[in-house]
Amino acid sequence: MQYPAVKPLSALSIFFSLLVLAGCQEAAEPTAKAPPPILQGEQLRFAPNHPQLALIGLVSATPAQAITVDLPARMVWNEEHTQRIYPAFAGRVSVIQADVGQAVNAGSVLAQLASPDFGMAQADTAKARADARLSGSALQRQRELFDAGIVARKDLDQAEADAARSQAEVQRADARTRMYGGHEAGSVNQALAISASIKGVVVERNLNPGQEVRPDQSGAGVPPLFVVTDPTTLWVQIDARESEVALLKIGTSFELIIPSLPGEKFEGRVTAASDFIDTGTRTIKVRGVIANPKRLLKAEMLGSARIQRQLTGVVVPSQAVALNGMQHSVLIQVQPGIFENRVVQLSYQGPKNAVISSGLEVGDKVVSDNMLLLARQFRMAQDDESSSKPAEKAAP
């Protein structure tokens, strides 16, 4: 078997092959890494043109002025102009005369119940009236007999006392039935009227025709039969941090911002503040009142209560501030490529900006972007320095 003849490589081909191999070997050589930063005293120093310097963002500290503080707020009914109606007697809903959105006056009947228990109260009133009439007739007879000298004075006194007790029982029973809608004297119809005691609007209805209701169903977690309120004023529940409590004194004005109502301006006034901190949210509950003549605001709307706060110091981004144990600190650039950790005192910290009362001056360049990366470099440099100190002491 014959194989094809192999042509010998020329010297020129061998030369080019060697050049290609040499180029590949040069490309495979690793690029020199940038030297790590070094710690000198309290300063972290980077080599000039270090690649990590391009990742670090700097912001100059600016003088603090009046800042805008937004606090979470929630709309609720004004409880000073709100009535929650529960049944006073057990019964069955027979008639519903009011619905949600309906304007009512004080004394307007919202619904009626067929209530045997209320019928017993009406019967007690009727009995008291009958007893009063009987005791009144007996008193009249005793007076006539006493004037004729037939009965003793003590018999007349006893009749007068019985008549007074009967009248008192009539007043008690009659006041009870009138309170719950029994206006017809002596009638026993078991018709219990559910009435509004204030002028307002029905904003909630929680009963249906034929529904059985009982007074023991009233209480926490059980919705009322009706809620009547005046929606032209609302309460604003504000969750304030400890640092904002001094700003929200009684009488302080605030601006209410509702995201769902852009362009609308609402102004409120603080009316009360709690004396304890909520353990769940670590906030203090502050209550304000706000006018709502156009009824644009609705209960349970969420918004922000905006107030102005005048502070002294310098302002930096909140992301530039780190908390180490009980101390706040920032990283500042003292010279290009040279950074230093600075302990500071905060007078305010919000979601965007923080106000530093001491530890920084106006114009100091504070690390804002990739602050955690630089802080990690600080820790690594400190660990390397602490681990190298025992070795230096052990050297002869």
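Guide: Happy to. The protein chain has 4 helices and 24 strands; these are DSSP runs numbered from the N terminus, with at least four residues of H or I for a helix and at least two of E for a strand. This is a predicted model, in which local features need pLDDT of at least 70 and side-chain atom pairs count only at pLDDT 80 or more, while totals for chains, interfaces and linings use all residues. Residues are numbered from 1 along each chain as its sequence is written, and side-chain values use heavy atoms, with hydrogens and water left out.

Let us begin with the whole chain. Of its 396 residues, 32% are buried, where buried means under 20% relative accessible area, exposed over 50%, and partly exposed in between (1.4 Å probe, protein chains only). Its accessible surface is about 24200 Å², with 54% belonging to carbon and sulfur atoms; the areas come from the Shrake-Rupley method with a 1.4 Å probe, and for residues only the protein chains shown count as cover. Among contacts with a separation of 6 or more, 75% join residues 24 or more positions apart, a contact being heavy atoms within 4.5 Å.

The largest nonpolar core holds 28 residues, and Val236, Ile238, Leu248, Leu256 and Leu297 have the most contacts inside it. Such a core is a set of buried Ala, Val, Leu, Ile, Met, Phe, Trp, Tyr and Cys residues joined through side-chain atoms within 4.5 Å. At least two residues of this core come from each of the strands S5 (66-77), S14 (233-240), S15 (253-257), S16 (266-273), S17 (284-291) and S18 (302-310). Strand S5 gives the most, with 6 residues.

A second, separate core has 19 residues, including Ile85, Phe89, Leu113 and Phe118. Two of those names return among the aromatic pairs, of which there are 2. Rings of Phe, Tyr and Trp (its six-membered ring) pair if their centres lie within 6.5 Å; planes under 30 degrees apart count as stacked, over 60 as edge-to-face and the rest as tilted. Phe89 belongs to the loop between strand S6 (82-85) and S7, and Phe118 to helix H2, 29 residues apart. Phe89 and Phe118 are both buried.

Helix H2 leads on to H3. The buried residues of H3 pack against helix H2 (116-147); in H3 these are Leu156, Ala159, Ala163, Ser166, Val170, Ala173, Asp174 and Thr177. An α-helix has 3.6 residues a turn, so residues three or four places apart point the same way. The expected span of a helix is 1.5 Å times one less than its number of residues; for the 27 residues of H3 (residues 153-179) that gives 39 Å, in agreement with end C-alpha atoms 39 Å apart. Just after H3, Gly181 takes a positive phi of about 105 degrees. On the H2 side, Asp124 is partly exposed at 35% relative accessible area, and its C-alpha atom is 8.8 Å from that of Val170, 46 residues away along the chain.

Strand S7 also belongs to an open sheet of 4 strands, ordered S10-S9-S7-S12 with antiparallel pairing; two strands pair if DSSP finds at least two bridges between them. Its edge strands, each pairing on one side only, are S10 (191-195) and S12 (212-213). Strands S7 (residues 91-96) and S9 (residues 109-114) pair over 4 bridges, and Ile96 stands opposite Ala111 in S9.
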